[in-house]
Amino acid sequence: MGDCNLTPGSPEYRRVVGEADYFYGSSLAGDRLADTWTLAGNQITDGATWCDDRGDPDGGIKLDFGFVSPGLASKVTSVWVDTEAAGSDHQPIWFELAD
């Protein structure tokens, strides 16, 4: 989790989560991590975490992710970008796991 500086679908991102199937999307594999953002049902490109103009979150891009092992994937309940946080040029990603 953190300041990954990966763009959605980039070769680096695909090395972490694997290649997505055209019809089924990403699959869970023991040698890969799962993106909490997409596990929670969000579109991969939604949820800007970096913006040139911090006052315009719609003008930003997604560069930061939270990843979990396949064993924790079913426990992801929610994921969000903290748009109120200050202190970095990136907005933090938060996610919750079920008990």
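This is a predicted model: local features need pLDDT of at least 70, side-chain atom pairs count only at pLDDT 80 or more; totals for chains, interfaces and linings use all residues.

Biologist: Which residues make up the largest nonpolar core?

Modeller: Eight of them: Ala34, Trp37, Val68, Ala73, Val76, Val79, Val81 and Ile93. Strand β3, residues 76–81, gives the most to this core, with three residues. Apart from it lies another core, of five residues, including Leu6, Val17, Phe65 and Phe67.

Biologist: Back to Thr36. Buried or exposed?

Modeller: Thr36 is buried, because its relative accessible area is 0%, under the 20% cut-off. Thr36 is found in helix α2, residues 36–39.

Biologist: What does the side chain of Thr36 reach?

Modeller: The backbone oxygen of Gly66, at 2.9 Å. Beyond four places in sequence, Thr36 is in contact with Gly66, Phe67, Val68, Val76, Val79 and Phe95.

Biologist: New topic. How many aromatic pairs does the structure hold?

Modeller: Four. Take Tyr13 and Phe65. Their ring centres are 5.1 Å apart and their planes at 50 degrees, so the pair is tilted. Tyr13 sits in helix α1, residues 11–17, and Phe65 in the loop between α2 and β2, so this pair ties together parts 52 residues apart in sequence. Tyr13 and Phe65 are buried.

Biologist: And Tyr13 with Phe67, how far apart are the ring centres?

Modeller: 6.2 Å, with the planes at 50 degrees, so that pair is tilted. It links Tyr13 in helix α1 to Phe67 in strand β2, 54 residues apart. Ring pairs join Tyr13, Phe65 and Phe67 into a cluster.

Biologist: Which rings does Lys62 lie over?

Modeller: One is Trp37: the charged end of Lys62 sits over that ring, 4.0 Å from its centre. Lys62 also lies over the face of Phe65, at 5.1 Å from the ring centre.

Biologist: Zoom out. In what order do the elements run?

Modeller: From the N terminus, α-β-α-β-β-β. That is two helices and four strands.

Biologist: How much of the protein counts as buried?

Modeller: 26% of the 99 residues. The accessible surface comes to about 6300 Å², and 51% of it belongs to carbon and sulfur atoms.

Notes: Residues are numbered from 1 along each chain as its sequence is written. Side-chain values use heavy atoms; hydrogens and water are left out. Buried means under 20% relative accessible area, exposed over 50%, partly exposed in between (1.4 Å probe, protein chains only). A polar contact is a pair of N or O atoms within 3.5 Å; within protein, one must be able to donate a hydrogen and the other to accept it, and residues adjacent in sequence count only if both atoms are side-chain atoms. Contact means heavy atoms within 4.5 Å. Accessible areas come from the Shrake-Rupley method with a 1.4 Å probe; for residues, only the protein chains shown count as cover. A nonpolar core is a set of buried Ala, Val, Leu, Ile, Met, Phe, Trp, Tyr and Cys residues joined through side-chain atoms within 4.5 Å. Rings of Phe, Tyr and Trp (its six-membered ring) pair if their centres lie within 6.5 Å; planes under 30 degrees apart count as stacked, over 60 as edge-to-face and the rest as tilted. A charge sits over a ring if NZ of Lys or CZ of Arg is within 6 Å of the ring centre and within 35 degrees of the ring normal.
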